[in-house]
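Here are a few friendly notes to read alongside the model. Keep the 3D view open and find each residue as we come to it.

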Amino acid sequence: MNDALLDPDWVKAMQEELSQFERLKVWRLVPNPYKDKEAIGTKWIFKNKKDENGVVVRNKARLVAKGYCQQDGIDYDETFAPVARIEAIRVFLAYVGYKNFTVYQMM
């Protein structure tokens with residue numbers, strides 16, 4: 001993390017991730033309503049995107065919840081943000097159509 005903060009490319013990648021959150025309204029920062037419970041922490045995941053020759057073409061930073069500090073049955077309400085790429089949805093629906101499965105939408 002300390003090395004990433006010193007590299008302008010990684011800082012730009014982190015800023016892009018946070019601006020995506022704001023633009024898509026994925027989350028909003030609020031005070032912890034439960035004084036007796038600790039909030040689930042986050043961590044940055046850094047990954048280099050490479051082309052077919054193995055040359056780094058982009059730095060990708062993702063802010064994710066620390067799953068290892070969650071407890072089963074606790075800490076899971078309202079922590080899931082369903083996000084999928086349109087390509088993944090198309091592949092899923094094509095497979096469902098091919099296999100003649102029934103798909104249900106859950107709210």
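1. Let's begin with a term: a residue is buried when its relative accessible area is under 20%, exposed when that area is over 50%, and partly exposed in between. F46 has 28% relative accessibility, so F46 counts as partly exposed. W10 has 12%, so W10 counts as buried.

2. Please remember that this is a predicted model. Its average pLDDT over the chain is 80, and 83% of the residues score at least 70. Among the elements of the chain, helix α1 (residues 2–6) has the lowest mean pLDDT, 81, while α3 has the highest, 91.

3. Now for the aromatic rings: how many aromatic pairs are there? The count, for ring centres within 6.5 Å, comes to three. In one of them, the ring centres of W10 and F46 are 5.1 Å apart and the planes stand at 75 degrees, so this pair is edge-to-face. Because W10 lies in helix α2 (residues 8–24) and F46 in strand β1 (residues 42–50), the pair ties together parts that are 36 residues apart in sequence.

4. F46 also pairs with W44: their ring centres are 6.4 Å apart and their planes are at 20 degrees, so this pair is stacked. Together, W10, W44 and F46 make up one aromatic cluster.

5. Finally, take a look at helix α3, which covers residues 86–99. From first C-alpha to last, its 14 residues reach 20 Å, close to the 20 Å expected at 1.5 Å a residue. Just after α3 comes N100, with a positive phi of about 60 degrees.

Definitions and conventions
Residues numbered from 1 in each chain as written. Predicted model: local features only at pLDDT ≥ 70, side-chain atom pairs only at ≥ 80, totals over all residues. Heavy atoms only, no water. Helix = DSSP H or I, 4+ residues; strand = E, 2+ residues; numbered from the N terminus. Expected span 1.5 Å × (residues − 1). pLDDT = per-residue confidence, 0-100. Phe/Tyr/Trp six-rings, centres within 6.5 Å; stacked < 30°, edge-to-face > 60°. Buried < 20%, exposed > 50% of the residue type's maximum accessible area, 1.4 Å probe, protein only.
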